[in-house]
Amino acid sequence: MKTTFLRRLAALSTATALSLGLAAPAAADTDFPNRTIELLVPYQPGGGTDGLARTFADASRKHMTQTMVIVNRPGAGGAIGWTEVINAKPDGYKLAVLTVELLTLPHLGLAKFNYDDFQPIAQLNADPAAITVKADAPWNTVEEFLAAARKSPESVRVGNSGNGSIWHLAAAALEDKTGARFGHIPFQGAAPAVLALLGGHIEAVAVSPAEVTTHVQSGKLRMLMVMADQRVKGFEKVPTAKERGIDLSIGTWRGLGAPKNTPPEVMARLREITAKTAAEPMMREAMDKQNLGYVYTDGAVFKETLARDNAYYKSLITKLNIKP
């Protein structure tokens, strides 16, 4: 009778747990994902961030039965898109592409979130800023370009991907190092800024090589300098800032993040999928073709990068007294 009682008690406990939903999440998580995952890009289509996201979504198909779709939510330098993901249900079905603006916007008072509102999945890329002008521009070197910006302050208009964006900060840091004074023109992403340059509405952009590659290769644009420690693959003839006596190395990174309360088992699965996808030859080949700098670090290392860079950009924004 004692054995029968214990069996009934065990059965009753299991039924109670199920009725309260206590056992359900573990069962649901074992088959994650079981529906489409949205990967939100907080910029307009066409830029380097969008290109990376679409490449990743394509490559991920080999490593899960569900599809990943790209959703573009441009605006406020990325804040609109990131806020949407931060406020989404933390179940792993709405993710975001993270860029360094996640760190800069809060220090400019342009966003109320913090980088730790996300759980980092992995870093996939790192790119320097580059100064690019039209091919028929009157400047053949970065020295000539900077001289023009010193001679007539703010007449040289430099496009960026929004106030407080990394490309805005890169141009401002270049001003600080050289005494030049640009007219900073914000756009809702790097792609619109590049289009404005092609149309002759601005004189330059301070965006990554990836975002101007096609137009440089076609002869429509000319890159004068990269703000990196070493020359960029595919642009070996373009000098670095340090080669020109400017002590400046600044750029962006891109990675993936999920809302901070996403369950550990879902995060583990997302990181597994991401690691396998990042190792796909098609991922590396597509990134090389787009001149996106391939860098993979896992969630733990990416988290350290976020913390370190957050401190750096807070200090830089304060030093340069950058206002939105």
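Guide: A residue counts as lining a cavity if it has an atom within 4 Å of a point of that cavity. In this predicted model, the second largest cavity is lined by Phe56, Met68, Leu95, Leu270, Ile273 and Thr274. Helix α10 (residues 264–278) contributes the most to this lining, with three residues.

Visitor: How do the residues of that lining divide into nonpolar, polar and charged?

Guide: Five are nonpolar, one is polar and none is charged.

Visitor: What makes Trp253 and Phe302 an aromatic pair that is edge-to-face?

Guide: Rings pair if their centres lie within 6.5 Å, and planes over 60 degrees apart count as edge-to-face. For Trp253 and Phe302 the values are 5.4 Å centre to centre and 90° between the planes, and the pair is therefore edge-to-face. Trp253 lies in strand β9 and Phe302 in helix α12 (residues 299–320), so the pair ties together parts that are 49 residues apart in sequence.

Visitor: Why is the pair of Tyr312 and Tyr313 called edge-to-face?

Guide: The ring centres of Tyr312 and Tyr313 are 4.8 Å apart, within the limit of 6.5 Å, and their planes stand at 75°, over 60, so the pair is edge-to-face.

Visitor: How do you know that the charged end of Arg35 sits over the ring of Tyr93?

Guide: The charge must be within 6 Å of the ring centre and within 35 degrees of the ring normal. The charged end of Arg35 is 3.8 Å from the centre of the Tyr93 ring, and sits over that ring.

How values were computed. Residues numbered from 1 in each chain as written. Predicted model: local features only at pLDDT ≥ 70, side-chain atom pairs only at ≥ 80, totals over all residues. Heavy atoms only, no water. 1 Å grid on protein atoms, 1.4 Å probe; cavity = no way out; pocket = protein on both sides within 12 Å on 5 of 7 lines; lining within 4 Å. Helix = DSSP H or I, 4+ residues; strand = E, 2+ residues; numbered from the N terminus. Nonpolar A, V, L, I, M, F, W, Y, C, P; charged D, E, K, R; others polar. Phe/Tyr/Trp six-rings, centres within 6.5 Å; stacked < 30°, edge-to-face > 60°.
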